[in-house]
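Dear colleague,

I am handing over the structure that we spoke about, with the sequence alongside.

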Amino acid sequence: MAELLIVVAIIAVLVAVSIPIFTHRLEKARRTVCLNERNTMRRAAAMATLTDDIDWTKYSDSAEVIAKLKDMGLIEEFECQSGGTIYAEENSIKAGNVSFRCTYHDDGKKPGDEEENLTGTGSALKNLQDALKDAWESYIKDKNNSKNNTAFLQNFFKNNNSEDYLKKEKVSDVLTEDQIEKLAKSMNEKQSDYTETQIKSVLQKYANSELTVAPYVLRDGTIVYYYTEDASRFGKNDSTNHSTTSMMYYNGTWYMAPMASADKLKNGFYPANFNSESPSEFFGKEGWIAVN
Ligand SMILES: [Zn+2]
């Protein structure tokens with residue numbers, strides 16, 4: 001009887017272990033299929049340019065591009081098995097060199113999220129924000145927990161895989177051409193060492209980069225988010241890494257960091273000082289400029 005119980009227990013353990021592994025493999029396979037399809041579509045679009053002189057810059061959006069490719073018989077109907085939607089990336093259409101993205105595999109949007117209004121908010125932020133809101137609420141309920149950025153984030157990333165929550169997004173998801181125009185003007189007013197054009201070109205370079213959205217808990221418990229180049233140390237006993245912060249998100253608004261001095265402009269912008277008590281103190285004193 002005891003042996004039988006042990007066997008049953010071992011089988012139960014094996015099943016419990018193998019289900020997540022199987023699910024993980026299945027998702028990996030779906031991701032690969034989706035990526036291959038997008039590569040095929042990209043090649044089809046390039047082919048259309050080569051053999052039929054199709055100028056994609058004349059097409060206004062993803063729907064038009066995909067319709068044309070289907071029309072030409074270069075691609076077939078394809079559905080991402082993870083529930084994502086495949087679309088032609090806007091900037092790649094403008095450049096005439098079309099590439100395709102998946103709303104699930106590239107942008108991290110869960111199926112069904114599509115109708116949600118994400119204007120001015122990148123997908124990486126949304127993903128992280130939802131997870132942290134709940135985690136913070138249950139964390140502070142425990143009186144033993146200290147309301148401290150490092151303590152909370154170490155706790156969070158001990159229980160959650162950082163790769164699932166710290167995602168990259170194109171900064172241009174939230175920093176648009178129009179906003180760059182306006183920002184360059186107001187930054188030039190504060191920092192006359194550089195011309196508007198010079199500031200604009202730095203902003204454009206920044207907008208074209210892909211950065212990770214990472215969290216920071218201010219001393220009053222408010223969670224703010226910021227772009228970072230290197231999030232590799234999160235979840236590895238060091239959640240305090242907050243390098244290269246030029247943009248920070250708080251309560252529906254992204255803020256651009258001020259330029260502290262002329263030489264900072266070369267490397268991007270002023271790194272944030274995270275020691276503030278509250279958002280009003282933080283954004284007030286530091287002279288951040290609202291982006292959206
Ligand atoms: Zn996909």
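This is a predicted model: local features need pLDDT of at least 70, side-chain atom pairs count only at pLDDT 80 or more; totals for chains, interfaces and linings use all residues.

Residues are numbered from 1 along each chain as its sequence is written, and side-chain values use heavy atoms, with hydrogens and water left out.

The zinc ion is coordinated at 2.2 to 2.4 Å by the SG atoms of Cys34, Cys80 and Cys102 together with ND1 of His105; donors here are N, O and S atoms within 2.8 Å of the metal (3.2 Å for Na, K and Ca), and since water is not among the atoms, sites may look incomplete. The angles among the 4 donor atoms run from 100 to 117°, and the site is tetrahedral, a term that asks of four donors that all angles lie between 85 and 135 degrees. Along the chain, the donors follow the spacing C-x45-C-x21-C-x2-H. Cysteine 80, in the loop between α2 (62-71) and β1 (86-88), and histidine 105, in the loop between β2 (100-102) and α4 (123-141), are 25 residues apart, and the pair links distant parts of the chain; helices (H or I, at least four residues) and strands (E, at least two) are DSSP runs, numbered from the N terminus.

Cysteine 34 counts as buried because its relative accessibility is 1%, and cysteine 80 does so at 6%, where buried means under 20% relative accessible area, exposed over 50% and partly exposed in between (1.4 Å probe, protein chains only). Histidine 105 is buried too, as is cysteine 80.

Turning to the sheet, 6 strands form an open, antiparallel arrangement in the order β3-β4-β5-β6-β7-β8, two strands being paired if DSSP finds at least two bridges between them. The edge strands, each pairing on one side only, are β3 (168-170) and β8 (289-290). Strand β7 (residues 253-256) pairs with β8 in the antiparallel sense over 2 bridges, and methionine 256 has isoleucine 289 of β8 as its bridge partner.

Finally, tyrosine 227 lies in strand β5 and is buried, with a relative accessible area of 0%.

Methods:
Four donors count as tetrahedral if all angles lie between 85 and 135 degrees; four count as square planar and six as octahedral if opposite donors are over 155 degrees apart and all others between 65 and 115; anything else is irregular.
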